[in-house]
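Work through the exercises below with the sequence and the model open side by side. Each task is followed by a solution in steps.

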Amino acid sequence: MSKLRVLIVLTLLAAGVAAAALSQREDTRTVADAQTGLQVTEIATGLDRPWSLAFLPDGRMLVTEKPGRLRIVSVAGTLGAPLAGVPKVDGRGQGGLLDVVLAPDFAGSQRIYFSYSEPRGAANGTAVAHARLGAEALTEVTVIFRQRPDQDSRHHYGSRLVFDRDGLLYVTLGERGDSKALAQDLSGTLGKIVRLTAEGQPAPGNPFVGRADAAAEIWSYGHRNPQGAALHPQTGRLWIHEHGPKGGDEINVPQAGRNYGWPAITYGRGYDGRSIGTGTRQDGMKQPAYYWVPSIAPSGMAFYTAERFPQWQGNLFVGSLKFGLLVRLQLDGEKVVHEERLLQSLNRRIRDVRQGPDGYLYLLTDDSNGSILRVGPGTH
(Lines give C-alpha, C1' and ligand atoms only; values in the text may rest on other atoms or scores of the structure.)
Protein backbone atom coordinates (compact mmCIF):
# COMPACT_ATOMS: atom_id res chain seq x y z
CA MET A 1 0.00 0.00 0.00
CA SER A 2 1.38 3.43 -0.92
CA LYS A 3 2.24 5.96 1.76
CA LEU A 4 -0.55 8.19 0.41
CA ARG A 5 -3.17 5.43 0.74
CA VAL A 6 -1.95 4.60 4.23
CA LEU A 7 -2.23 8.27 5.18
CA ILE A 8 -5.75 8.48 3.76
CA VAL A 9 -6.83 5.34 5.61
CA LEU A 10 -5.34 6.56 8.89
CA THR A 11 -6.99 9.96 8.43
CA LEU A 12 -10.38 8.35 7.77
CA LEU A 13 -9.99 6.08 10.76
CA ALA A 14 -9.10 9.03 12.98
CA ALA A 15 -12.06 10.99 11.66
CA GLY A 16 -14.33 8.02 12.28
CA VAL A 17 -13.08 7.63 15.84
CA ALA A 18 -13.55 11.37 16.48
CA ALA A 19 -17.07 11.30 15.01
CA ALA A 20 -17.94 8.26 17.10
CA ALA A 21 -16.59 9.93 20.23
CA LEU A 22 -18.57 13.09 19.47
CA SER A 23 -21.71 11.04 18.84
CA GLN A 24 -21.15 9.17 22.09
CA ARG A 25 -20.72 12.46 24.02
CA GLU A 26 -23.91 13.82 22.49
CA ASP A 27 -25.74 10.59 23.26
CA THR A 28 -24.61 10.62 26.89
CA ARG A 29 -26.10 14.08 27.29
CA THR A 30 -29.57 12.71 26.52
CA VAL A 31 -31.08 9.77 28.35
CA ALA A 32 -34.53 8.21 28.17
CA ASP A 33 -36.41 7.82 31.42
CA ALA A 34 -37.01 4.10 31.90
CA GLN A 35 -40.54 4.62 33.21
CA THR A 36 -41.95 7.14 30.73
CA GLY A 37 -39.50 7.31 27.83
CA LEU A 38 -39.18 11.07 28.35
CA GLN A 39 -35.96 12.42 26.88
CA VAL A 40 -33.80 14.22 29.46
CA THR A 41 -30.93 16.29 28.06
CA GLU A 42 -28.18 17.82 30.17
CA ILE A 43 -27.93 21.35 28.77
CA ALA A 44 -25.23 22.57 31.15
CA THR A 45 -23.27 21.30 34.12
CA GLY A 46 -20.61 22.58 36.53
CA LEU A 47 -22.97 24.76 38.58
CA ASP A 48 -22.38 24.89 42.33
CA ARG A 49 -25.71 24.15 44.04
CA PRO A 50 -27.88 26.07 41.57
CA TRP A 51 -31.11 27.33 43.12
CA SER A 52 -33.14 29.24 40.54
CA LEU A 53 -33.45 29.67 36.78
CA ALA A 54 -35.05 32.48 34.80
CA PHE A 55 -35.28 32.76 31.01
CA LEU A 56 -34.18 35.93 29.26
CA PRO A 57 -36.21 37.06 26.21
CA ASP A 58 -33.58 35.70 23.80
CA GLY A 59 -33.65 32.21 25.36
CA ARG A 60 -30.51 32.55 27.49
CA MET A 61 -30.83 31.66 31.15
CA LEU A 62 -30.05 33.42 34.41
CA VAL A 63 -29.00 30.92 37.08
CA THR A 64 -28.25 31.55 40.75
CA GLU A 65 -25.73 29.49 42.68
CA LYS A 66 -26.04 29.30 46.46
CA PRO A 67 -22.47 30.45 47.25
CA GLY A 68 -23.45 33.85 45.82
CA ARG A 69 -22.87 33.67 42.08
CA LEU A 70 -25.23 34.71 39.29
CA ARG A 71 -24.46 33.50 35.77
CA ILE A 72 -25.85 33.93 32.28
CA VAL A 73 -26.00 30.57 30.48
CA SER A 74 -26.16 30.51 26.69
CA VAL A 75 -28.86 28.63 24.79
CA ALA A 76 -26.21 26.00 23.98
CA GLY A 77 -25.36 25.62 27.67
CA THR A 78 -22.12 27.60 27.95
CA LEU A 79 -21.66 29.03 31.44
CA GLY A 80 -20.82 32.71 31.56
CA ALA A 81 -18.46 34.12 34.14
CA PRO A 82 -20.09 35.09 37.46
CA LEU A 83 -21.61 38.56 37.20
CA ALA A 84 -20.07 41.26 39.37
CA GLY A 85 -22.20 43.34 41.74
CA VAL A 86 -24.03 40.54 43.58
CA PRO A 87 -24.34 41.40 47.30
CA LYS A 88 -22.55 39.28 49.87
CA VAL A 89 -24.60 36.31 51.05
CA ASP A 90 -24.59 34.15 54.17
CA GLY A 91 -24.08 30.84 52.38
CA ARG A 92 -24.16 28.56 55.41
CA GLY A 93 -26.73 25.78 55.62
CA GLN A 94 -29.76 26.52 53.45
CA GLY A 95 -28.69 30.12 52.85
CA GLY A 96 -27.12 31.78 49.83
CA LEU A 97 -28.19 33.45 46.60
CA LEU A 98 -31.67 32.03 46.04
CA ASP A 99 -34.48 33.01 43.65
CA VAL A 100 -34.26 35.26 40.59
CA VAL A 101 -37.03 36.60 38.32
CA LEU A 102 -37.31 39.23 35.60
CA ALA A 103 -39.24 42.42 36.21
CA PRO A 104 -42.54 42.55 34.30
CA ASP A 105 -41.09 45.46 32.29
CA PHE A 106 -37.68 43.82 31.80
CA ALA A 107 -37.61 44.51 28.05
CA GLY A 108 -37.36 48.22 28.78
CA SER A 109 -35.86 48.36 32.26
CA GLN A 110 -33.40 45.41 32.17
CA ARG A 111 -34.32 45.01 35.84
CA ILE A 112 -34.19 41.71 37.70
CA TYR A 113 -35.27 40.79 41.23
CA PHE A 114 -33.48 38.29 43.45
CA SER A 115 -33.67 36.96 47.01
CA TYR A 116 -30.79 35.95 49.25
CA SER A 117 -29.77 35.28 52.84
CA GLU A 118 -28.36 38.62 53.93
CA PRO A 119 -25.60 38.70 56.60
CA ARG A 120 -26.60 40.96 59.51
CA GLY A 121 -23.78 40.88 62.01
CA ALA A 122 -24.05 37.62 63.95
CA ALA A 123 -27.52 37.07 62.48
CA ASN A 124 -29.06 36.99 59.00
CA GLY A 125 -32.36 37.18 57.18
CA THR A 126 -34.04 36.85 53.80
CA ALA A 127 -33.68 39.97 51.68
CA VAL A 128 -35.02 40.93 48.25
CA ALA A 129 -33.23 43.31 45.90
CA HIS A 130 -33.60 44.56 42.37
CA ALA A 131 -30.82 45.53 39.98
CA ARG A 132 -30.12 46.39 36.37
CA LEU A 133 -28.71 43.41 34.45
CA GLY A 134 -25.63 44.04 32.34
CA ALA A 135 -23.46 41.73 30.25
CA GLU A 136 -20.82 41.45 32.98
CA ALA A 137 -22.29 42.99 36.13
CA LEU A 138 -25.33 44.04 38.11
CA THR A 139 -25.68 47.76 38.65
CA GLU A 140 -28.08 49.94 40.63
CA VAL A 141 -28.49 47.15 43.20
CA THR A 142 -31.21 48.18 45.68
CA VAL A 143 -32.53 46.16 48.62
CA ILE A 144 -36.31 46.63 48.70
CA PHE A 145 -37.34 44.22 51.47
CA ARG A 146 -35.82 42.64 54.57
CA GLN A 147 -37.49 39.87 56.55
CA ARG A 148 -37.77 40.71 60.25
CA PRO A 149 -36.83 39.92 62.95
CA ASP A 150 -33.24 38.89 62.25
CA GLN A 151 -32.29 35.34 63.23
CA ASP A 152 -29.10 33.46 64.02
CA SER A 153 -30.15 30.46 61.92
CA ARG A 154 -29.09 28.55 58.82
CA HIS A 155 -32.55 27.23 57.94
CA HIS A 156 -35.90 27.97 56.30
CA TYR A 157 -35.38 31.08 54.19
CA GLY A 158 -38.30 30.36 51.83
CA SER A 159 -37.47 32.89 49.11
CA ARG A 160 -39.54 32.23 45.98
CA LEU A 161 -40.55 35.36 44.06
CA VAL A 162 -43.65 35.71 41.85
CA PHE A 163 -45.11 38.78 40.13
CA ASP A 164 -48.87 38.79 39.68
CA ARG A 165 -50.79 40.26 36.76
CA ASP A 166 -50.95 43.67 38.44
CA GLY A 167 -47.17 43.83 38.80
CA LEU A 168 -47.25 43.14 42.55
CA LEU A 169 -44.54 40.92 44.00
CA TYR A 170 -45.21 37.92 46.26
CA VAL A 171 -42.31 36.68 48.41
CA THR A 172 -42.46 33.36 50.27
CA LEU A 173 -40.72 33.46 53.67
CA GLY A 174 -39.77 30.62 56.00
CA GLU A 175 -40.02 30.77 59.78
CA ARG A 176 -36.26 30.20 60.14
CA GLY A 177 -36.51 26.81 61.86
CA ASP A 178 -35.94 27.39 65.57
CA SER A 179 -38.46 30.25 65.61
CA LYS A 180 -41.46 28.31 64.31
CA ALA A 181 -43.88 29.92 66.76
CA LEU A 182 -43.23 33.27 65.06
CA ALA A 183 -45.12 31.99 62.00
CA GLN A 184 -48.24 32.89 64.03
CA ASP A 185 -46.93 36.31 65.12
CA LEU A 186 -48.28 39.05 62.86
CA SER A 187 -45.81 41.66 64.09
CA GLY A 188 -43.02 40.16 61.95
CA THR A 189 -42.65 38.42 58.63
CA LEU A 190 -41.26 34.99 59.62
CA GLY A 191 -43.40 32.18 58.19
CA LYS A 192 -45.38 34.53 55.96
CA ILE A 193 -46.24 35.27 52.35
CA VAL A 194 -45.79 38.99 51.75
CA ARG A 195 -47.15 41.07 48.87
CA LEU A 196 -45.18 44.14 47.81
CA THR A 197 -45.10 46.86 45.20
CA ALA A 198 -42.22 46.74 42.72
CA GLU A 199 -40.29 49.09 45.03
CA GLY A 200 -40.89 46.99 48.14
CA GLN A 201 -43.73 48.86 49.83
CA PRO A 202 -46.76 47.01 51.28
CA ALA A 203 -49.15 46.41 48.39
CA PRO A 204 -52.41 48.36 48.42
CA GLY A 205 -55.24 46.16 49.69
CA ASN A 206 -53.07 43.91 51.84
CA PRO A 207 -55.22 42.43 54.62
CA PHE A 208 -53.40 43.92 57.63
CA VAL A 209 -52.70 47.44 56.38
CA GLY A 210 -53.55 49.91 59.13
CA ARG A 211 -53.23 47.45 62.03
CA ALA A 212 -50.71 48.54 64.62
CA ASP A 213 -50.05 44.95 65.72
CA ALA A 214 -49.36 43.52 62.25
CA ALA A 215 -46.81 43.97 59.47
CA ALA A 216 -48.52 45.65 56.53
CA GLU A 217 -46.58 43.53 54.01
CA ILE A 218 -48.28 40.27 55.10
CA TRP A 219 -50.60 38.48 52.68
CA SER A 220 -50.99 35.16 54.57
CA TYR A 221 -49.32 33.49 57.55
CA GLY A 222 -48.71 30.20 59.36
CA HIS A 223 -46.26 28.88 56.77
CA ARG A 224 -43.19 26.73 57.47
CA ASN A 225 -40.69 26.92 54.58
CA PRO A 226 -42.23 27.62 51.16
CA GLN A 227 -39.72 26.87 48.38
CA GLY A 228 -42.13 26.70 45.45
CA ALA A 229 -44.50 29.32 44.05
CA ALA A 230 -46.25 29.97 40.74
CA LEU A 231 -49.18 31.94 39.36
CA HIS A 232 -52.10 29.88 38.08
CA PRO A 233 -52.34 30.55 34.32
CA GLN A 234 -56.14 30.79 34.26
CA THR A 235 -57.14 32.27 37.62
CA GLY A 236 -54.04 34.38 38.23
CA ARG A 237 -53.96 33.18 41.83
CA LEU A 238 -50.76 32.38 43.67
CA TRP A 239 -50.03 28.72 44.46
CA ILE A 240 -47.23 27.66 46.78
CA HIS A 241 -45.81 24.54 48.34
CA GLU A 242 -43.91 24.28 51.58
CA HIS A 243 -41.75 21.77 53.39
CA GLY A 244 -43.34 19.97 56.29
CA PRO A 245 -41.27 18.48 59.11
CA LYS A 246 -41.23 14.66 59.02
CA GLY A 247 -44.15 14.36 56.62
CA GLY A 248 -46.74 17.01 55.93
CA ASP A 249 -45.35 18.84 52.89
CA GLU A 250 -48.20 21.03 51.67
CA ILE A 251 -49.60 22.74 48.59
CA ASN A 252 -51.58 25.87 49.44
CA VAL A 253 -53.42 28.56 47.51
CA PRO A 254 -52.86 31.47 49.90
CA GLN A 255 -55.81 33.76 50.52
CA ALA A 256 -55.57 37.26 51.94
CA GLY A 257 -55.30 37.29 55.72
CA ARG A 258 -55.73 33.55 56.17
CA ASN A 259 -53.82 31.38 58.63
CA TYR A 260 -52.29 28.16 57.24
CA GLY A 261 -51.66 26.67 60.63
CA TRP A 262 -47.97 26.09 61.18
CA PRO A 263 -46.94 25.11 63.84
CA ALA A 264 -50.35 24.72 65.50
CA ILE A 265 -51.52 22.14 62.95
CA THR A 266 -49.63 19.88 60.56
CA TYR A 267 -49.84 16.49 58.89
CA GLY A 268 -46.21 15.88 59.81
CA ARG A 269 -44.37 14.98 62.97
CA GLY A 270 -41.14 16.19 64.55
CA TYR A 271 -37.88 14.65 63.39
CA ASP A 272 -37.80 12.88 66.77
CA GLY A 273 -41.18 11.31 65.96
CA ARG A 274 -43.14 13.42 68.44
CA SER A 275 -46.39 15.18 67.54
CA ILE A 276 -46.40 18.91 66.78
CA GLY A 277 -49.17 21.31 67.79
CA THR A 278 -52.73 20.18 68.34
CA GLY A 279 -53.19 17.80 65.40
CA THR A 280 -54.22 18.32 61.79
CA ARG A 281 -57.17 20.70 62.17
CA GLN A 282 -58.15 23.75 64.16
CA ASP A 283 -60.92 26.32 63.79
CA GLY A 284 -59.81 29.40 61.89
CA MET A 285 -56.91 27.63 60.17
CA LYS A 286 -56.92 26.63 56.50
CA GLN A 287 -56.43 23.08 55.34
CA PRO A 288 -53.85 22.44 52.61
CA ALA A 289 -55.05 21.91 49.06
CA TYR A 290 -52.82 18.80 49.02
CA TYR A 291 -50.19 17.23 51.22
CA TRP A 292 -47.58 14.48 51.21
CA VAL A 293 -46.87 11.88 53.89
CA PRO A 294 -44.05 10.90 53.79
CA SER A 295 -42.36 14.11 52.70
CA ILE A 296 -41.01 14.46 49.18
CA ALA A 297 -39.04 17.64 50.13
CA PRO A 298 -40.59 19.81 47.38
CA SER A 299 -38.68 22.61 45.65
CA GLY A 300 -39.59 24.53 42.52
CA MET A 301 -43.04 24.76 40.94
CA ALA A 302 -44.39 25.42 37.45
CA PHE A 303 -47.72 25.23 35.67
CA TYR A 304 -47.47 23.81 32.17
CA THR A 305 -49.19 25.80 29.39
CA ALA A 306 -47.24 25.05 26.19
CA GLU A 307 -48.00 22.90 23.12
CA ARG A 308 -45.05 20.51 23.21
CA PHE A 309 -46.84 18.30 25.78
CA PRO A 310 -50.52 18.95 24.99
CA GLN A 311 -51.60 16.19 27.38
CA TRP A 312 -49.96 18.11 30.24
CA GLN A 313 -51.57 21.50 29.70
CA GLY A 314 -52.88 22.86 33.00
CA ASN A 315 -50.84 20.38 35.05
CA LEU A 316 -48.68 21.46 37.97
CA PHE A 317 -45.07 20.26 38.25
CA VAL A 318 -43.06 20.07 41.48
CA GLY A 319 -39.46 18.99 42.04
CA SER A 320 -38.50 16.54 44.78
CA LEU A 321 -35.21 16.88 46.61
CA LYS A 322 -35.70 13.80 48.78
CA PHE A 323 -36.63 11.26 46.10
CA GLY A 324 -34.84 12.86 43.14
CA LEU A 325 -37.83 13.01 40.80
CA LEU A 326 -40.41 15.27 39.18
CA VAL A 327 -44.03 15.20 40.37
CA ARG A 328 -46.87 15.86 37.92
CA LEU A 329 -50.19 16.89 39.46
CA GLN A 330 -53.45 16.89 37.51
CA LEU A 331 -55.95 19.45 38.78
CA ASP A 332 -59.68 19.98 38.89
CA GLY A 333 -59.99 23.61 39.92
CA GLU A 334 -58.01 23.87 43.15
CA LYS A 335 -58.19 20.14 43.84
CA VAL A 336 -55.42 17.68 42.98
CA VAL A 337 -57.07 14.64 41.38
CA HIS A 338 -54.04 12.64 40.23
CA GLU A 339 -50.33 12.44 41.01
CA GLU A 340 -47.67 10.90 38.77
CA ARG A 341 -44.00 10.58 39.71
CA LEU A 342 -41.71 11.09 36.74
CA LEU A 343 -37.96 10.65 36.15
CA GLN A 344 -37.50 8.32 39.12
CA SER A 345 -34.63 6.61 37.31
CA LEU A 346 -32.84 9.96 37.11
CA ASN A 347 -32.24 10.06 40.88
CA ARG A 348 -31.17 13.74 40.88
CA ARG A 349 -32.25 16.21 43.57
CA ILE A 350 -34.56 18.66 41.76
CA ARG A 351 -34.25 22.22 43.07
CA ASP A 352 -36.15 24.26 40.46
CA VAL A 353 -38.74 23.62 37.74
CA ARG A 354 -39.47 26.06 34.91
CA GLN A 355 -41.31 26.00 31.59
CA GLY A 356 -38.99 27.22 28.85
CA PRO A 357 -40.00 29.49 25.97
CA ASP A 358 -39.54 26.48 23.66
CA GLY A 359 -42.21 24.48 25.51
CA TYR A 360 -39.80 22.10 27.24
CA LEU A 361 -39.58 21.72 31.01
CA TYR A 362 -36.26 22.75 32.52
CA LEU A 363 -34.91 21.48 35.84
CA LEU A 364 -32.02 22.45 38.11
CA THR A 365 -30.26 19.71 40.07
CA ASP A 366 -29.10 20.45 43.58
CA ASP A 367 -25.49 19.40 44.04
CA SER A 368 -21.95 20.79 43.90
CA ASN A 369 -21.74 19.86 40.20
CA GLY A 370 -25.29 20.85 39.41
CA SER A 371 -26.93 20.72 35.99
CA ILE A 372 -29.61 22.30 33.86
CA LEU A 373 -31.78 19.51 32.45
CA ARG A 374 -34.29 19.78 29.60
CA VAL A 375 -37.24 17.39 29.55
CA GLY A 376 -38.63 16.55 26.12
CA PRO A 377 -41.26 14.19 24.71
CA GLY A 378 -40.39 10.52 24.84
CA THR A 379 -40.86 7.42 22.79
CA HIS A 380 -43.59 5.68 24.81
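**Exercise 1: an open sheet**

Strand S11 (residues 169–172) is joined to strand S12 (residues 192–196) by 4 bridges, and the two run antiparallel. The model is a predicted one, in which local features need pLDDT of at least 70 and side-chain atom pairs count only at pLDDT 80 or more, while totals for chains, interfaces and linings use all residues. Residues are numbered from 1 along each chain as its sequence is written, and side-chain values use heavy atoms, with hydrogens and water left out.

Task: state in which order the 4 strands of this open sheet are arranged, and which strands stand at the edges.

Solution. 
- Step 1. Strands here are DSSP runs (E, at least two residues; helices are H or I, at least four), numbered from the N terminus. Two strands pair if DSSP finds at least two bridges between them.
- Step 2. S10 and S11 are paired antiparallel over 3 bridges, with Leu 161 opposite Val 171 in S11. On the S12 side, Leu 169 has Leu 196 opposite.
- Step 3. The order is S10-S11-S12-S13, with antiparallel pairing.
- Step 4. Strand S10 (161–163) and strand S13 (218–221) are the edges; each has a single partner strand, so one side of each lacks a neighbour in the sheet.
- Step 5. From one strand to the next the twist averages 20 degrees (axes are lines fitted to C-alpha atoms, for helices over the stretch in contact, and angles run from 0 to 180 degrees between N-to-C directions).

**Exercise 2: the faces and the turn of S11**

Task: decide whether the residues on the two faces of S11 are buried or exposed, and find the residue with a positive phi in the hairpin turn.

Solution. 
- Step 1. Buried means under 20% relative accessible area, exposed over 50%, and partly exposed in between (1.4 Å probe, protein chains only).
- Step 2. In a regular strand, side chains alternate between the two faces of the sheet.
- Step 3. Leu 169 and Val 171 lie on one side of S11, Tyr 170 and Thr 172 on the other; all are buried, which leaves both faces covered.
- Step 4. S10 and S11 form a hairpin with 5 residues between them, and Gly 167 in the turn has a positive phi of about 80 degrees.

**Exercise 3: the nonpolar cores**

Solution. 
- Step 1. A nonpolar core is a set of buried Ala, Val, Leu, Ile, Met, Phe, Trp, Tyr and Cys residues joined through side-chain atoms within 4.5 Å.
- Step 2. The largest such core has 19 residues, and Leu 62, Leu 70, Ile 112, Phe 114, Leu 133 and Leu 138 have the most contacts inside it.
- Step 3. S8 gives the largest share, 4 residues.
- Step 4. Leu 138 touches, among others, Leu 70, Leu 83, Val 86, Ile 112 and Phe 114, not counting residues up to four places away in sequence (contact means heavy atoms within 4.5 Å).
- Step 5. Another core, of 18 residues, lies apart from this one and includes Leu 38, Val 40, Phe 309 and Leu 373.

**Exercise 4: salt bridges and a loop**

Solution. 
- Step 1. A salt bridge is a side-chain nitrogen of Lys or Arg within 4 Å of a carboxyl oxygen of Asp or Glu. The structure holds 24 of them.
- Step 2. The side chains of Asp 367 and Arg 348 meet at 4.0 Å, N to O.
- Step 3. Asp 367 is partly exposed at 27% relative accessibility, and Arg 348 is partly exposed at 22%.
- Step 4. Elsewhere, salt bridges with shared partners join Asp 48, Arg 49, Glu 65, Arg 69 and Arg 71 into one network.
- Step 5. Arg 349 also has its place in the loop between S21 and S22. Its C-alpha atom is separated by 6.4 Å from that of Ser 320, 29 residues apart along the chain.
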